[in-house]
Amino acid sequence: MNTQKSLLGAGAALAVGLLIGLAGSHRGQSVGGIALFLLLVLLAYIVQWAVFVPSYLNRTEDFFDLTGSLTYQGIAVLALILADQRDARTIILGLMVLVWAMRLGFFLFKRVRAAGGDSRFDKMKHDWAQFLMTWTIQGLWITFTAGAALAAITSGERASFGVIGVIGTVTWLLGFGIEALADRQKSAFRADPANRGRFITTGLWAWSRHPNYFGEIVLWTGMAIIAIPVLEGWQWATLISPVFVAFLLTKVSGVPMLEKAADERWGGQDDYEAYKRSTPVLVLKPPA
């Protein structure tokens, strides 16, 4: 990818994020004359760029996932601190973002350190423009995924938690549990020397080829459901959060990349082909 295309990609990622920032700010709270939601979006990008500089100079991706996790945590805490009013909905949404980011960030950071690096970055970390685009896209990822939760926290409206809140909470707990359990099962599988060179087909991985991604889509859907009662006007655009997560994981950087890598490694093997035929790509389905 040449420099011009990379910079255009970074610019597009910033522009789209700012559009969501403006939409999520509609009728929302302000701090010092600046819409609080937009301020949080800007901070998400600024943090990525700040860490990009030393990361590029040292040609390392070690802090990419950790920076994303800490950014989620930071803007969630800041949103709660700066919000004019805090109720059950704002506190629960803030804690959901915080807990999810802490768990996933620690898990990914530990995985990269154990592996000695992330092969996705082998080439791009030596190309400043492509590496910058990647960090900028992470800012967009944070903006899109946390958008509905942050819009609800910074909204000028307040409503009782109610049945919708309970439904959203149960949905989030289900998704979080699935993602955490799937990650734990795969880590344990990989840690066993007897499984070297094999693919996992046990636990939730017997129900889905990518149960962790299914869990992530479900948990962001839960947060969007909780946010619904206090969103107004253009803030409804932030409900794209779970749709964006699903699209990115199933069509762009998640499932397609892993399926391709798995096909290249195990394609043609009878046990692998049987596993693919009997196990859904995403949605959990108990084996017959």
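**Entry 1: helix H1.** I noted at the outset that this is a predicted model. I started with H1, which runs over residues 3-24. Its 22 residues should span 32 Å at 1.5 Å a residue, and I find the end C-alpha atoms 32 Å apart, so the two values agree. At the start of the helix, a side-chain oxygen of asparagine 2 comes within 3.3 Å of the backbone nitrogen of glutamine 4. I then listed the buried residues of H1: Ser6, Ala10, Ala13, Gly17, Ile20, Gly21, Ala23 and Gly24. What covers these buried residues? Helix H2 (36-57) and helix H5 (128-154) are included in the cover.

**Entry 2: aromatic pairs.** I searched the whole structure and got 15 aromatic pairs. One of them joins phenylalanine 131 and tryptophan 135, with 6.0 Å from centre to centre and 85° between the planes, an edge-to-face pair. Both residues lie in helix H5, four residues apart, which is about one turn of the helix. Phenylalanine 131 has a relative accessible area of 0%, so I put it down as buried. Tryptophan 135 is also at 0% relative accessibility and therefore counts as buried.

I next took tryptophan 172 and phenylalanine 176. Their ring centres are 4.9 Å apart and the planes meet at 15°; under 30 degrees counts as stacked, so this pair is stacked. Tryptophan 172 and phenylalanine 176 both lie in helix H6, four residues apart, about one turn of the helix. Are they buried or exposed? Both are buried.

I also followed the ring pairs onward, and they link Phe52, Tyr56, Phe64, Phe131 and Trp135 into a cluster.

**Entry 3: arginines over rings.** I found arginine 59 over the face of tyrosine 56, at 4.1 Å from the ring centre. Arginine 103 lies over the face of phenylalanine 176, at 6.0 Å from the ring centre.

**Entry 4: nonpolar cores.** The largest nonpolar core holds 66 residues, and Tyr72, Trp100 and Met223 have the most contacts inside it. H5 gives the largest share of this core, 11 residues. A second, separate core has seven residues, among them Phe52, Phe64, Phe131 and Trp135. I looked up the contacts of tryptophan 100, leaving aside neighbours within four places in sequence: Tyr72, Trp172, Phe176, Glu179, Glu216, Leu219 and Trp220.

**Entry 5: glutamate 179.** Glutamate 179 lies in helix H6, residues 162-191. Its relative accessibility is 2%; buried means under 20%, so glutamate 179 counts as buried. Beyond its neighbours within four places in sequence, glutamate 179 is in contact with Trp100, Arg103, Leu104, Asn212, Gly215, Glu216 and Leu219.

**Entry 6: isoleucine 34.** Last, I checked isoleucine 34, which is found in strand S2 (residues 34-35). Is isoleucine 34 buried, partly exposed or exposed? At 39% relative accessibility, isoleucine 34 counts as partly exposed. How far is isoleucine 34 from aspartate 62 in space? The two are 34 Å apart, C-alpha to C-alpha, and 28 residues apart in sequence.

Conventions. Residues are numbered from 1 along each chain as its sequence is written. This is a predicted model: local features need pLDDT of at least 70, side-chain atom pairs count only at pLDDT 80 or more; totals for chains, interfaces and linings use all residues. Side-chain values use heavy atoms; hydrogens and water are left out. Helices (H or I, at least four residues) and strands (E, at least two) are DSSP runs, numbered from the N terminus. Buried means under 20% relative accessible area, exposed over 50%, partly exposed in between (1.4 Å probe, protein chains only). Contact means heavy atoms within 4.5 Å. The expected span of a helix is 1.5 Å times one less than its number of residues. A polar contact is a pair of N or O atoms within 3.5 Å; within protein, one must be able to donate a hydrogen and the other to accept it, and residues adjacent in sequence count only if both atoms are side-chain atoms. Rings of Phe, Tyr and Trp (its six-membered ring) pair if their centres lie within 6.5 Å; planes under 30 degrees apart count as stacked, over 60 as edge-to-face and the rest as tilted. A charge sits over a ring if NZ of Lys or CZ of Arg is within 6 Å of the ring centre and within 35 degrees of the ring normal. A nonpolar core is a set of buried Ala, Val, Leu, Ile, Met, Phe, Trp, Tyr and Cys residues joined through side-chain atoms within 4.5 Å.
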